[in-house]
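Subject: Handover of a structure and its findings

Dear colleague,

Please find below the structure that I am passing on to you.

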Amino acid sequence: MSTSEQHRERPGTEPRPEPSAPVAPDRADGTARPGTARPGAAGAPATSPVGRLAATVERLRSEVRAAQAEAEGRALIELAKGILVERLGCGPAQAARQLAELTEQAGVTPLEFAVEVINQAARDRVAEVTDAFLSAAAGAPERDTAAVRLRAAESGLLAAHDTQAVADSLLEHALRPLGAVAVAVWAAGADGSLTLAGSAGFSPAEATRWRYVPPEVATVARRGLTERTGQWFASLADTGLPTVGRHPHPEGGRVAVPAGTGGRIHGVLEIAWPGPLEPQPPQVVRQVEALAELCAHTLETYTPRPETGQEPRVLPDAAELMDLADGLHDPALVLVPHIDASGQLADFRIQHVNNRFLDPAGRPRAVVSGALLLEAYPMAAGRSELFQRVERVYATGESFRAHRMRLTALVDQVPLSAVADISISRHGSSVLLIWRIEDEAARLASLLQHAQRLGRIGGFEENLLTGEITWNDQLFHLYGKSPSSSPVPLEELPAHAHQDDAVPLGRFLRTVLHRRRPASAAFRLQRPDGVTRHIRVVAEPVLDADGRLFVVRGAYQDISAQHWTEVALAATRDQLAHTEQQATERNRLTLQLQHAIMPPAQAPLQVPGLEIAVRYRPAETEQLVGGDWYDAVVLPSGLVLLCVGDVAGHGIEAATSMVVLRNALRGLAVTGAGPGQLLSWLNIVAHHLTGAVTATAVCALYDPGRRTLRWARAGHLPPVLVRGTDAAPLPLVRGMLLGAVPEAVYEEAELDFAPEDTLLMYTDGLIERRDRSVEESLTHLLTTARSAPKTLDQQLDRLLTYSRSDTDDDTCIVGIRVA
């Protein structure tokens with residue numbers, strides 16, 4: 001009696017009937033369903049000899065079931081003890097006592113508590129499903145059954161020696177409590193086929209009939225394989241799809257869930273119910289998915305075996321190998337083992353012959369394909385030992401390769417002695433045989449033909465004594481002539497060329513025909529169809545024994561593509577040189593304009609009680625000439641205008657915009673307006689009068705009499721105040737960048753200076769880095785500014801020297817120090 005035909009009660013509990021069938025009818029194979037008692041054959045009473053024999057059989061059967069359940073329960077309890085040993089750092093005996101005490105405190109059976117310990121330690125998919133049952137189950141018995149049932153199923157799967165035992169364990173432990181009556185485990189092949197790897201609950205005849213499903217055949221299992229999310233059918237009658245076990249339960253529910261691990265689908269788990277299947281709660285769906293994942297671990301190592309006494313089918317690995325063989329350039333055979341009635345390897349069947357294969361006897365590929373290897377090539381087992389080589393490769397998996405192997409009389413009645421390169425390798429349960437008969441002359445001719453075609457080369461030979469001219473097909477194609485037309489003699493070549501090429505062709509003909517030396521020439525061939533091709537001709541004379549010229553051999557090559565490529569490259573080089581010259585001139589003019597407006601060194605302003613210094617560092621790369629600017633000027637009112645700014649972009653446009661903004665600010669400052677009003681007017685200039693440029697700026701007015709500074713900013717970094725050994729940026733005031741909107745208002749702030757105070761105004765070229773934030777670079781600037789040298793000029797030079805900027809941008813600095 002198989003495992004699938006048994007019912008195992010939970011240790012420590014009374015047997016109870018199945019949830020879906022309290023009084024179960026007999027199975028299709030004649031055995032009694034679990035939970036029923038049969039008095040004996042033909043209903044014999046219990047007191048009769050037959051009845052007593054039946055009772056004895058039933059008692060022994062119950063004892064076997066109990067022993068099996070106890071053994072599986074012991075395995076889970078021992079695993080829980082091992083977990084306690086590792087977690088508590090104790091010995092096995094102490095772990096057993098601890099488990100017993102905890103079991104008694106929890107008021108559950110040892111098996112139930114052991115499963116709880118395993119779930120807490122594993123936290124795997126089984127534990128996740130168990131938690132779902134624990135949170136959703138209404139009663140304690142069902143809660144305990146869910147945990148024990150899943151762990152018992154997992155234990156059975158791990159102990160199973162093949163997929164058939166896996167199917168039995170799944171049905172017995174986990175699926176019957178859900179009301180299921182049968183289960184099928186399908187293995188998916190690389191070609192899309194399905195193989196019934198194991199089943200339980202179906203009759204043997206039904207399992208044999210469904211052992212293999214070819215690719216593209218629509219079944220319930222294939223729906224589960226292609227949909228990948230699992231298919232739950234309330235009734236098979238609604239699907240219209242064929243499947244295993246359809247006839248015993250035509251109205252039964254069916255579930256097909258893909259079995260996969262690590263993102264790879266290895267097969268399908270299909271479960272059958274005897275009646276319509278109601279919508280299942282999420283806990284049941286997750287339980288079925290967890291069981292499918294357990295099946296996937298077994299299907300990873302599943303390999304279909306050839307059936308004894310039956311014609312071999314296309315195995316999954318053979319189908320994959322057939323695709324590989326079709327992509328090879330060499331002839332190839334795909335062989336599958338042929339097993340005889342005694343289960344021994346008798347031969348190999350030629351499962352597939354690729355399009356490159358040429359039979360040594362000249363037979364069509366359809367004759368060879370499908371035949372046994374020894375039938376198609378009976379002498380393969382003779383002196384050539386080809387069959388023995390294939391047999392050894394299949395047995396050991398060690399590949400075999402031989403160069404120039406002599407194959408004598410492979411085919412009966414066909415005297416054959418050929419030399420071939422042989423390669424034999426095993427792939428799964430199939431063998432790939434690459435068999436190439438060597439024909440050196442044909443191979444070289446084929447290579448030459450391909451080389452001439454790819455190189456657009458046409459060859460010729462001209463006999464000067466007989467006037468016979470031989471051209472190949474490629475040369476006729478180059479000339480635009482049909483193969484049936486007459487070839488062109490070498491002396492008539494100038495008549496078919498452009499008139500401007502007459503001189504080089506005349507020199508070429510004199511060298512070959514009169515001086516009898518090899519020569520080459522390039523010319524333009526005028527074809528009859530009006531097309532002009534650029535051709536290179538190469539020829540060499542052939543002399544007889546007396547030193548007389550009698551044959552000229554050579555070749556023509558179409559070099560039109562090369563010619564036009566060279567012309568395009570020359571034009572591109574000229575255009576590039578012109579563009580580079582324009583860019584260089586443009587950058588030179590931009591740099592001259594910038595230096596004329598803001599020279600790198602400028603004479604200091606003379607203001608009583610105030611020291612003023614400025615620095616300008618151009619970009620190191622001329623192509624990055626930017627729009628940074630500064631200004632320091634004494635106004636008619638006696639106030640000192642101080643400003644720095646940065647126009648967005650580089651090149652002549654940025655430089656000219658900088659000149660406009662700088663001069664506009666100087667003119668506006670004469671009005672006596674404050675820095676906020678000046679920036680508002682400058683914003684109108686940037687937005688309307690300079691092509692909508694954008695820029696940032698800081699504008700300040702210093703009053704020497706009061707030692708005060710009024711300043712405003714337009715999106716620019718605030719100035720830095722150095723007072724004693726402390727350096728910090730001024731508090732931010734509101735103000736957006738110039739040119740962004742038609743009108744803007746800028747906030748002002750006022751600063752009172754103390755003696756020896758220093759104020760630094762700068763552009764972002766001083767601190768900007770590609771790999772660091774502005775905050776980090778500003779911190780470094782403040783650290784450098786704190787250690788102030790004796791003079792202001794020395795301090796600005798020190799800032800430029802220790803600047804961490806790496807963007808090659810312009811840099812402007814304006815510094816003032818109060819006496």
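The notes below describe what was found, beginning with the whole chain and moving on to particular places.

**The chain as a whole**

Please bear in mind that this is a predicted model. The chain contains 22 helices and 26 strands. Of its 819 residues, 44% are buried. The accessible surface of the chain amounts to about 40900 Å², and carbon and sulfur atoms supply 54% of that area. Among the contacts in the chain with a separation of 6 or more, 58% are between residues 24 or more positions apart.

**Aromatic pairs**

A pair of aromatic rings is described by the distance of the centres and the angle of the planes. How many aromatic pairs does the structure hold? There are seven of them. One of these is formed by Phe460 and Tyr556, whose rings are 5.4 Å apart centre to centre, with 55 degrees between the planes, and this pair is tilted. It joins distant parts of the chain, since Phe460 belongs to strand 12 (residues 457–463) and Tyr556 to strand 16 (residues 549–558), 96 residues apart. Are these two residues buried or exposed? Phe460 has a relative accessibility of 7% and therefore counts as buried. Tyr556 is also buried, because its relative accessible area is 3%.

A further pair consists of Tyr702 and Phe753. The centres of these rings lie 5.7 Å apart and their planes are at 70 degrees; an angle over 60 degrees counts as edge-to-face, so the pair of Tyr702 and Phe753 is edge-to-face. This pair, too, links distant parts of the chain: Tyr702 is in strand 20 (residues 695–703), whereas Phe753 is in the loop between strand 24 (749–752) and strand 25 (758–762), 51 residues apart. Tyr702 counts as buried because its relative accessibility is 1%. Phe753, at 8% relative accessibility, counts as buried as well.

Ring pairs also join several residues into a cluster, made up of Phe460, Trp471, Phe476, Tyr479 and Tyr556.

Val488 is placed in the loop between helix 16 (473–479) and helix 17 (502–514). Val488 and Trp471 are 17 residues apart along the chain, and 9.3 Å separates their C-alpha atoms. Why does Val488 count as buried? The reason is that its relative accessibility is 6%, and buried means under 20%.

Thr511 is part of helix 17. With a relative accessible area of 12%, Thr511 is buried. When neighbours within four places in sequence are left aside, Thr511 is in contact with Arg516, Arg517, Pro518 and Ala519.

**Cavities**

Rolling a probe the size of a water molecule over the atoms shows where empty space is left. A search of the whole structure gives three cavities of 30 Å³ or more. The second largest cavity holds about 80 Å³ of space. Which residues line the second largest cavity? They are Leu766, Ile767, Ser777, His780, Leu781, Thr784, Leu799, Tyr802, Ser803 and Arg804. Helix 21 (residues 774–786) provides the largest share of this lining, with four residues. Sorted by class, the lining consists of five nonpolar, four polar and one charged residues.

**Two residues with positive phi**

Most residues other than glycine have a negative phi. Glu216 has a phi near 70 degrees, which is a positive value in a residue other than glycine. Glu216 is located in the loop between strand 3 (212–213) and helix 8 (220–227). Its relative accessible area is 74%, so Glu216 is exposed.

Phi of Glu756 is likewise positive, near 70 degrees. Glu756 sits in the loop between strand 24 and strand 25, and Phe753 is found in the loop between these strands too. Glu756 is exposed, because its relative accessible area is 53%, and exposed means over 50%.

With kind regards

Notes:
Residues numbered from 1 in each chain as written. Predicted model: local features only at pLDDT ≥ 70, side-chain atom pairs only at ≥ 80, totals over all residues. Heavy atoms only, no water. Buried < 20%, exposed > 50% of the residue type's maximum accessible area, 1.4 Å probe, protein only. Contact = heavy atoms within 4.5 Å. Areas by Shrake-Rupley, 256 points an atom, 1.4 Å probe, with all protein chains shown as cover. Phe/Tyr/Trp six-rings, centres within 6.5 Å; stacked < 30°, edge-to-face > 60°. 1 Å grid on protein atoms, 1.4 Å probe; cavity = no way out; pocket = protein on both sides within 12 Å on 5 of 7 lines; lining within 4 Å. Points joined across faces, edges and corners; volume = space filled by probe spheres on them. Nonpolar A, V, L, I, M, F, W, Y, C, P; charged D, E, K, R; others polar.
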